[in-house]
Amino acid sequence: MRKVWLIIKREYLTRVKTKAFVISTLIVPLAGIMLVLLIAFLISHRPQHTVRLAIVDDAGGLAPSVKHSLEHSPDSSTPQFIVTDTFDHSNTAEVERDLRSHVNSGALDAYLIVPADLTQAIELHTKNPGNFAVLAPLTAALNQALIGARLSARGIHVDDIDQIARGVDLQVIKVSQSGEAVEKGQTMGIAIGLVILLYSSLLAYGIITMRSVLEEKTTRTMEVLISSVRPFELLTGKILGVAGTAFTQFLIWIVSLGLLASYGAAMAAMFNPSSSFPAMHVPLSLLIWVACFFFGGYFLYSAMFAAVGAACSNEQDAGQLQWLAMGPLVFAISFYWLVMIDSTSTLSLVLSEIPFLAPVLMPLRLSIQAPPAWQLALSVVLLFGTIVGVIWASAKVYRVGVLMYGKRPTLPELLRWLRYS
Amino acid sequence: MEAISLENVTKSYDGVHAVNDVTLRVRRGAILGLLGPNGAGKTSTIRMIMNILVPDAGSIRVFDQPVSDETRQSIGYLPEERGLYPRMQVRAVIVFLAALRGMPEPEANRLAREWLDRFELGDWSEKQVHDLSKGMQQKVQFISAILHKPPLIILDEPFSGLDPVNVATVKDVMLEMRGQGSTVVLSTHRMEQVERLCDSICLIDKGRNILDGDLRAIKQSYGKNTIQIEFNGPDGFLSHPAVSSVNRFANGAEAKLKPGAAAQEFLKAAVQSSAQITRFDVLEPSLNDIFIEKTGHA
């Protein structure tokens, strides 16, 4: 154990001290700060441009209600509108030519033409047809006015229209052993976030683990090293040392981004008191299981990268084989929908017990419906057993391949090396 | 008890014998020179003693134990394949390697300072390894092979790449270690170092042990048949019937006598010739001569 600790320490310290580590660790919080500052700047310097609009209303009676709902929008985030002119039943070529010249000269931003027959399209004439920020509130206001007009034509009182036209909110309540909770998608969010975190951390640190295993071969220190350490100790130390580096970096990122986010939330609340963030209430046991699967997944796949490093003698060869390490993870993601459809099926159970798939599929099952404890425990045991198994097999391959400089092993050779003791 | 014993050890790669039926014993507290032309099987033999390679046949024991991961712990090893972590500080590398071999870090640190000073690397101890020259790196590697005071030290080509001053320091250290009871095995091509340093030799050629034993006994067994002569004038006397071969130099020659021939007869012929003799020595054969004679090539 002492040797493993020495190797962890060396891997960790030599990596944490590099410029690359310091820069990449600082760049994420700095980018976050820049983003927050940029957003703050944009909020405080939002262009106060109001859209000047004219309405040519051939249908008659629609213009006032469109004007009303546009000019009294409660939503402060959409552009402000001013309806400068309305023309009732006067769609002459002259009016339109007039309005067009106003738009061209910049005195007017747009004009609407409401046809007499409302089954026809309403036309918006503007210089800037791609401005979606204008289109959405405009469409909403037109719809509201149109539905209002139709309903009141059928004898429904104007004050009742809002009441009638209101839709429903579907609130999903999750039933679990611990009682009922309003589901706002946070547990599913955790499952998906975990896969993204697992994938990206392996993308960043898997190859570093692989290179770390290759380091003794490329620097020719291997003969000295393996005359004092067992390959199993060496590989375990390397995987843990690189993981320590990775987790240090993630911890710094999470803490600094967390601080930034709470600062950002406070600032957003200051500017816009009506917005609020949904409160998270995730049970602790769920978090603990999810953490088990995250760390298990990270270590299993780093061990896979270490195995590729152990089987190769240089980075070029390893680079060509590194897809082998990540392959099962991508494979696991392709089973996501199968488990999502029915997380309690036998297929879901079997898939989520397979160590290479469990880090992805078990958190998903947890987020949908907590599986029985024995299934979780079995999966964790299998996962960690497989990690030890992968490192053990890699150590054997490493041990035997030690002196095969400059030659990439063939698959039969690899299998033979595994049998060799 | 022997420090190392090899019994009928054989190792082949793709059907080619790198080491062929080698039997060898290394006495405790001795310095053994492992000699042989390039590709003779020296490094393969060393790697098998280090349990890096496994012999196809035969057995190897270190301090009377079959080789294993444990026996390696008592060996200080300088591999032929040199290398240190390039992005580590010089002293940190030495301490790391010593700690892996079981030495407590504070003690390793103290000893590392002493050794770095002795090899005139004290000013470099905080520098990164890749800032050092090849020769300096080799000294660092030598230090890390001996720092943990192993009872057995195996050095594969310890002198290659070193200047004469450092060759002398390395040689002194080896003699010191022997004085402290360590056994040293070194492989080299440098015969003059072996002659001055080694108690015994093992000559390997084409994977076979063709000569081994006490260095002095081996040389005596060859008898005093080598004559070093320096002279001015014609060299016709060199073709005397007692002489079997001649190696001519600018101001003299080294002549080898036929078995049973008397040096006296040759000296007489030389004096009677018109050459002016300035030096005449009767010597044991040099290790170089024995090496060439045994292997058929230099």
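A: Two strands are said to pair if DSSP finds at least two bridges between them. Strands (E, at least two residues) and helices (H or I, at least four) are DSSP runs, numbered from the N terminus. The model is a predicted one, in which local features need pLDDT of at least 70 and side-chain atom pairs count only at pLDDT 80 or more, while totals for chains, interfaces and linings use all residues. Residues are numbered from 1 along each chain as its sequence is written, and chains are lettered from A and ligands numbered from 1 in the order in which they are written.

Chain B holds an open sheet of 4 strands, in the order E2-E1-E4-E5, with antiparallel pairing. Strands E2 (16-27) and E5 (65-66) of chain B each have a single partner strand and stand at the edges, so one side of each is left without a neighbour in the sheet. Strand E1 (residues 2-13) of chain B pairs with E2(B) in the antiparallel sense over 8 bridges. In this pair, Leu6(B) is placed opposite Leu24(B) of E2(B).

Backbone angles come next. Most residues other than glycine have a negative phi. Asn8(B), which lies in strand E1 of chain B, has a positive phi near 45°. For burial, the count is of other C-beta atoms within 10 Å of a residue's own, with C-beta atoms placed from the backbone: 20 or more is buried, 12 or fewer exposed, and anything in between partly exposed. Asn8(B) is exposed, since 12 other C-beta atoms lie within 10 Å. Asn51(B) also is not a glycine and has a positive phi, about 60°. Asn51(B) sits in the loop between helix H1 (42-49) and strand E4 (57-62) of chain B, and counts as partly exposed because it has 19 C-beta neighbours inside 10 Å.

Contact means that the C-beta atoms of two residues, placed from the backbone, lie within 7 Å. By that rule, 16 residues of chain A are in contact with 20 residues of chain B. Helix H1 (2-16) and helix H8 (222-226) of chain A are the elements that give two or more residues to the side of chain A that touches chain B. H1(A) gives the most, with 4 residues.
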